[in-house]
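Subject: Handover of a structure and notes on its features

Dear colleague,

Please find below the structure that I am handing over to you.

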Amino acid sequence: MWNVTDWQKVVFSDESRFVLGTDDNRVRVWRRPAYDSRFTLIVMRGTLTGQRYVDDIIRPHVGPFLNGLPGAIFQQDNARPHTARVAQDFLHHFQTLPWPARSPNLSPVDHVWD
């Protein structure tokens, strides 16, 4: 069983989709992980594919952040871009928290979007 110290190593990540008008003008907004600070939101228009997830989010933001946190564990839900082979291949350099299919999303980030 995990304790508070174990959970403090977990870096939760998630994004949310917003509709900005009636013409299906959707954007995804992702917040760069940070502790006790504010960071700019990353706004992505169009479909978030596994490759875009790696190129626009994981490589420029998640990777450098996790490299600066020895022992960090990256958590993401099972959205298709997160489970895409290209994303999993990139993340094999990092410790990730396994998230079984159909598991509840326990990320506290989800409640911030509400």
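The notes below go from the whole chain to its helices, cores and aromatic rings.

The model is a predicted one, in which local features need pLDDT of at least 70 and side-chain atom pairs count only at pLDDT 80 or more, while totals for chains, interfaces and linings use all residues. Residues are numbered from 1 along each chain as its sequence is written, and side-chain values use heavy atoms, with hydrogens and water left out.

The chain as a whole

The protein chain has five helices and five strands; helices (H or I, at least four residues) and strands (E, at least two) are DSSP runs, numbered from the N terminus. Their order from the N terminus is α-β-β-β-β-α-β-α-α-α. Of the 114 residues in the chain, 35% are buried; buried means under 20% relative accessible area, exposed over 50%, and partly exposed in between, with a 1.4 Å probe and protein chains only. The accessible surface comes to about 7600 Å², and carbon and sulfur atoms account for 53% of this surface. These areas come from the Shrake-Rupley method with a 1.4 Å probe, and for residues only the protein chains shown count as cover. Among contacts (heavy atoms within 4.5 Å) between residues at least 6 apart in sequence, 50% join residues at least 24 apart.

Helix H2

Where does H2 bend? The bend, of about 55°, is at Ile58, and a proline, Pro60, follows within four residues. A bend at a residue is the angle between axes fitted to the seven residues ending there and the seven starting there.

Pro60 itself lies in H2 and is partly exposed, with a relative accessible area of 38%. Leaving aside its neighbours within four places in sequence, Pro60 is in contact with Val54 and Asp55. Asp55 is also a residue of H2 and is partly exposed at 35% relative accessible area. Asp55 and Ala87 are 32 residues apart in sequence, with their C-alpha atoms 9.3 Å apart in space. The buried residues of H2 include Tyr53, Val54, Ile57, Ile58 and Val62.

The nonpolar cores

A nonpolar core is a set of buried Ala, Val, Leu, Ile, Met, Phe, Trp, Tyr and Cys residues joined through side-chain atoms within 4.5 Å. The largest has 17 residues, and those with the most contacts inside it are Val11, Tyr53, Ile58, Val62, Leu66 and Phe74. Strand E4 (41-45), H2 and helix H4 (85-91) each give two or more residues to this core. H2 provides the largest share, seven residues. A second, separate core has five residues, among them Val10, Phe12, Ile73 and Trp99.

A buried histidine

Is His82 buried or exposed? His82, which lies in helix H3 (residues 80-83), is buried, with a relative accessible area of 1%. Beyond its neighbours within four places in sequence, His82 is in contact with Glu15, Tyr53, Gln76, Asp77, Ala87 and Gln88.

Aromatic pairs

A search of the whole structure finds two aromatic pairs. Rings of Phe, Tyr and Trp (its six-membered ring) pair if their centres lie within 6.5 Å; planes under 30 degrees apart count as stacked, over 60 as edge-to-face and the rest as tilted. Trp2 and Trp7 form a tilted pair, 4.7 Å centre to centre with 55° between the planes. The rings of Phe90 and Phe94 have centres 6.4 Å apart and planes at 35°, so this pair is tilted.

Phe90 and Phe94 are buried. Trp2 counts as partly exposed at 37% relative accessibility, and Trp7 counts as partly exposed at 37%. Trp7 lies in helix H1 (residues 4-7) and, leaving aside its neighbours within four places in sequence, is in contact with Trp2, Phe12 and Leu97. Trp7 and Ala72 are 65 residues apart in sequence and 9.8 Å apart in space, C-alpha to C-alpha.

Yours sincerely,
A colleague
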